[in-house]
Amino acid sequence: MSTKLQTPIDYLKGVGPNRADLLRKELGIHTYQDLINLFPNRYIDKTQYYKINQLQRNNADVQIIGKIIAFKEVAQKRGKRLVGTFQDDTGTMELVWFRGQKWIRENLKRNKAYVIFGKTNWFSGKFSMPHPEIEGLEEHKANLSSAMQPVYPSTEKLSNSGISNRVINKIMQQLFLETGKKFTETLPENLLTELKLIPKNEALFNVHFPMSQELLSKAQFRLKFEELFYIQLQLIIKNLIHKSKIKGFPFEKVDTYFNTFFKEHLPFDLTGAQKRVLKEIRADLGSNAQMNRLLQGDVGSGKTIVALMSMLIALDNGFQACLMAPTEILSVQHYNGLIELCKELNINIKKLTGSTKTSERKKIHESLENGELQILVGTHALLEDKVKFKNLGLAIIDEQHRFGVAQRSKLWKKNMSPPHILVMTATPIPRTLAMSVYGDLDISTIDELPPGRQSIKTVHRYDKNRLNVFKFIRDEITKGRQVYIVYPLIQENEKMDYKDLMDGYESISRDFPLPDYQISIVHGKMKPADKEYEMQRFIKGETQIMVATTVIEVGVNVPNASVMIIESAERFGLSQLHQLRGRVGRGAEQSYCILMTSHKLSSDSKTRLETMVRTSDGFEIAEVDLRLRGPGDIMGTQQSGVLNLKIADIIKDHDILQLARHHAKNILKNDATLSSTNNKVILEAYKALGKYKNIWNYIS
Ligand code: ADP
Ligand code: MG
């Protein structure tokens, strides 16, 4: 039976070589099994009829019985639209056609009973339905078929080649006929009973051919649970293997470097959150297992000092440490910061970036290999093969969202044994996602800002208010403050963006002329040395305005800068806006963030801007971001499989995810090798997913 499911799709009656080819290429369907797991995106629910006064503004598909009482033509920018007034016994709404108006006028009759179906819009106080599906009530009653119609994922090519939704539906029926609806159960009896899950057979049948809304919900719940359960199981197993198999270097002691720094050179009191996080890291470093920890903390929450103190523990135990950052500017800043903080400690710290000279590079390579060099700070340059450590004990990656998972693993291959790894990010990942993506990472969170920080006043201004904004900038500069003005730089549109940046720079230079005002400019096309020079002028306060692209997005720390102007803010993503805003509010002065936009804004842009104005809580912002963008762009999601989910939705099915994780954890806690009778089903299903590999050798 299960072998039957491995049958190539070509063999299914009604498929044939051409269709099989298309199904493979377009939807990745190779076998019967793949086809079964092609789940509908949605269902057209024609079991329900709505009254006009029951309509909600949520734009869902609705079906209404009524009649058209009038037609009118409305002129618009291009051509005209046809509007029909549709009435039932509770009210009226509008039907709208932009095309095919002649046919509509000739074929639809006034005052005849129709059933309309489609999405509704809410516009100037009225509901309307553009291009409704429409059918006479009599015909409608005559050919009422399956009431819940599944809508399968499709592609343009598929529908152009005649593989319509209807065809897929037919093939699916054939599949159920041939396989006789006998699918192997993949969850154990006790779990089915405990969670009141319906059996696999029933679930699969009802997800493809739902008999009612209720059965459909049960089917979906069961299948979503199963999918998330096995992902969680896999992640937790990975984590278990990791902890048992990969031995770290236990850093047994905390000694002179750490203690001297802590007692004599710490420039401020640590916040409670910093202390807690340090303790968590300390516990990891002291244990036998290799640390693999994510440190998340909002912009400005003080992750750098935690990184330094962790590195000092490595040094205390005779190990080397490295700190990698995504940009040259940030590496340089980290390097300068560390040198300053450690100046009394007599530590050998060096910096390695793309622009390090060959001779210097050589020296660094040597001293790394003979162990004289204790801390290395730098960019991706650290990942080069030539960079070999004598005994790298701790690798820290800052602003991890800019790096891929592949890079993380590259770092850890730099030793015979992997070093402890700490990745830091100011782009917090919503908990839901963190759980599913980072099942294999432990997470520490700094959820408290250093004392005395004032919240940053954020406003949204349209381009036409520019004069006022400039006046505001002038006032702030007069008070001694410094200002960032940031322009978007999006790869696809690079030329235009540079033009915008340079035009902006020119106009700002005119409004803020020499010698009263000094302006720095930094963008990606400049040589690193020039960037660094301009950066330094701003850091030292020699320039009052920094015009830049997003190269300054991450990490840059100039406490006297208190105004962040973001040009064309509608073009930035939420996490970018949040990062940029985090460049100000680092000193004692009230800081401001001004989001400049044109008048034309998409609804997503509006949501982003409103969110920025409303809150500065990185977690809240991350949640909104996730809702707007979906998980696709968020780091690590590609590797984690959450994007390949067939039926569950990582955002909407949050609760099911938690339930699945809870049970996966529990089961493994009591039976790590899944060898009990109860768990046999799980073991078999897990093996069938192809994730089995040689995992068990490690665990048992
Ligand atoms: P991020 O978490 O964004 O990397 P940083 O480590 O750059 O933040 O810290 C931001 C600023 O806050 C720095 O100027 C740093 O010196 C300062 N800072 C960090 N921790 C504290 C603290 N406990 N008390 C006061 N200032 C702090
Ligand atoms: Mg930082």
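Predicted model: local features only at pLDDT ≥ 70, side-chain atom pairs only at ≥ 80, totals over all residues.
Q: Which residues come nearest to ligand 1?
A: D269, G300, K303, T304 and R453 come nearest, out of 16 residues around ligand 1.

Q: What is the make-up of that shell, by nonpolar, polar and charged residues?
A: The shell around ligand 1 has four nonpolar residues, seven polar ones and five charged ones.

Q: What does the nitrogen atom of ligand 1 at 2.8 Å sit across from in D269?
A: A polar backbone atom of D269.

Q: And K303, what part of that residue is 2.8 Å from an oxygen atom of ligand 1?
A: An N or O atom in the side chain of K303. There is also a backbone case: a polar backbone atom of S301 lies 3.4 Å from an oxygen atom of ligand 1.

Q: How much of ligand 1 does the protein bury?
A: The protein buries 82% of the 560 Å² that ligand 1 exposes when taken alone.

Q: Switching to cysteines. How many disulfides turn up in the whole structure?
A: A search of the whole structure gives zero disulfides.

Q: Is C322 buried or exposed?
A: C322 counts as buried, because its relative accessibility is 0% and the cut-off for buried is under 20%. C593 is also at 0% relative accessibility, so C593 counts as buried.

Q: On to the rings. How many aromatic pairs does the search find?
A: The search of the whole structure finds 15 aromatic pairs. One of them is F176 with F183, where the ring centres are 5.6 Å apart.

Q: Why is the F176 and F183 pair called edge-to-face?
A: Because the planes of F176 and F183 are at 75 degrees, and planes over 60 degrees apart count as edge-to-face.

Q: Are those two buried or exposed?
A: F176 is buried at a relative accessible area of 6%, and F183 is buried at 7%.

Q: What about F205 and F209, how are their rings arranged?
A: The F205 and F209 pair is tilted, because the planes are at 45 degrees; the ring centres are 5.4 Å apart. F205 counts as partly exposed, at 24% relative accessibility, whereas F209 is buried with a relative accessible area of 15%.

Q: Which residues form one aromatic cluster?
A: F176, F183, F205 and F209 form one aromatic cluster.

Q: Last one: what lies over the face of F512?
A: R474 does, at 4.9 Å from the ring centre of F512.

Methods. Residues numbered from 1 in each chain as written. Chains lettered and ligands numbered in written order. Heavy atoms only, no water. Near = heavy atom within 4 Å. Polar contact = N/O pair within 3.5 Å; in protein donor to acceptor, adjacent residues only side chain to side chain. Areas by Shrake-Rupley, 256 points an atom, 1.4 Å probe, with all protein chains shown as cover. Nonpolar A, V, L, I, M, F, W, Y, C, P; charged D, E, K, R; others polar. Disulfide = S-S within 2.5 Å. Buried < 20%, exposed > 50% of the residue type's maximum accessible area, 1.4 Å probe, protein only. Phe/Tyr/Trp six-rings, centres within 6.5 Å; stacked < 30°, edge-to-face > 60°. Lys NZ or Arg CZ within 6 Å of the ring centre and 35° of its normal.
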